[in-house]
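Please look through the model below before reading on. The paragraphs that follow take its features one at a time.

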Amino acid sequence: MLQPPPMSASPRIDAAEPPTAAGNIPAGMKKITFMGFMALTGPLWGRLDEADGLPVMGFRVEDRHCNPMQVCHGGMLMTFADMLLGFTVGVAEGGRKFMPTINLAGDYVGPAPLGSWVEGKGRLIRQTRNLGFAESLITADGVPCLRASGIMKIPAKDSREGDILSLFR
């Protein structure tokens, strides 16, 4: 079995303060409570932008989010982008339905190191009767780390409702 070479020193970074301590979260962000798979990725934080009412979301990169190089795993960044873009289309559509993902694309443009604050704000590009198109430039401590775009299915009017807006209030 192929084994990776041993590292010359441990990449682990020990912080004096836990990464999710309240003092490390930007003002105005509310802890978003999820269930199921999405609960495993958190804690995630969010607020609605004052200018356009669309979501701004973020998380502090913890050990469990990282690859062996102590950088946030690309899968975690894409999961975060999926939630952010889905909520962006959902809020733009009135905040009453959860939007299934049809397509999600991303370009990794920089690292999100352990302990960094990852944040993204969705932007609605276009909305049709059945589809919502959104994008975001996600940053780590203000430096771009992921450019993401997604297409979300807008459910039929008679489909099950939820209250997306309550997650951010």
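Cysteines, strands, rings and a pocket

This is a predicted model. A search through the whole structure turns up zero disulfides. C66, for instance, takes part in no disulfide, and the nearest cysteine sulfur, belonging to C72, is 6.2 Å away. C66 is buried, with a relative accessible area of 15%. C72 is also buried, at a relative accessible area of 4%.

Next come the strands. Strand β7, residues 131-140, pairs with β8 in the antiparallel sense, and ten bridges join the two. In this pairing, L131 stands opposite K153 of β8. β7 and β8 form a hairpin, and two residues lie between them. In the turn, D141 has a positive phi of about 50°. β8 also pairs with strand β4, residues 101-108. These two strands run antiparallel and are joined by seven bridges. One of the residues involved is Y108, whose bridge partner in β8 is L146.

The structure holds four aromatic pairs. How are the rings of F87 and F168 arranged? Their centres are 5.8 Å apart and their planes meet at 85°, so the pair counts as edge-to-face. F87 belongs to helix α2 (residues 74-92), while F168 sits in the segment after β8 (143-153), so the pair ties together parts that are 81 residues apart in sequence. Both F87 and F168 are buried. F87 and F168 also belong to one aromatic cluster, which they form with F34 and F98.

About 280 Å³ of space lies in the largest pocket. Which residues line the largest pocket? The lining is made up of T33, F34, M35, M38, K97, F98, P155, S159, R160, E161, G162 and L167. Sorted by class, the lining has six nonpolar, three polar and three charged residues.

Key:
Residues numbered from 1 in each chain as written. Predicted model: local features only at pLDDT ≥ 70, side-chain atom pairs only at ≥ 80, totals over all residues. Heavy atoms only, no water. 1 Å grid on protein atoms, 1.4 Å probe; cavity = no way out; pocket = protein on both sides within 12 Å on 5 of 7 lines; lining within 4 Å. Points joined across faces, edges and corners; volume = space filled by probe spheres on them. Nonpolar A, V, L, I, M, F, W, Y, C, P; charged D, E, K, R; others polar. Disulfide = S-S within 2.5 Å. Buried < 20%, exposed > 50% of the residue type's maximum accessible area, 1.4 Å probe, protein only. Phe/Tyr/Trp six-rings, centres within 6.5 Å; stacked < 30°, edge-to-face > 60°. Helix = DSSP H or I, 4+ residues; strand = E, 2+ residues; numbered from the N terminus. Pairing = 2+ DSSP bridges.
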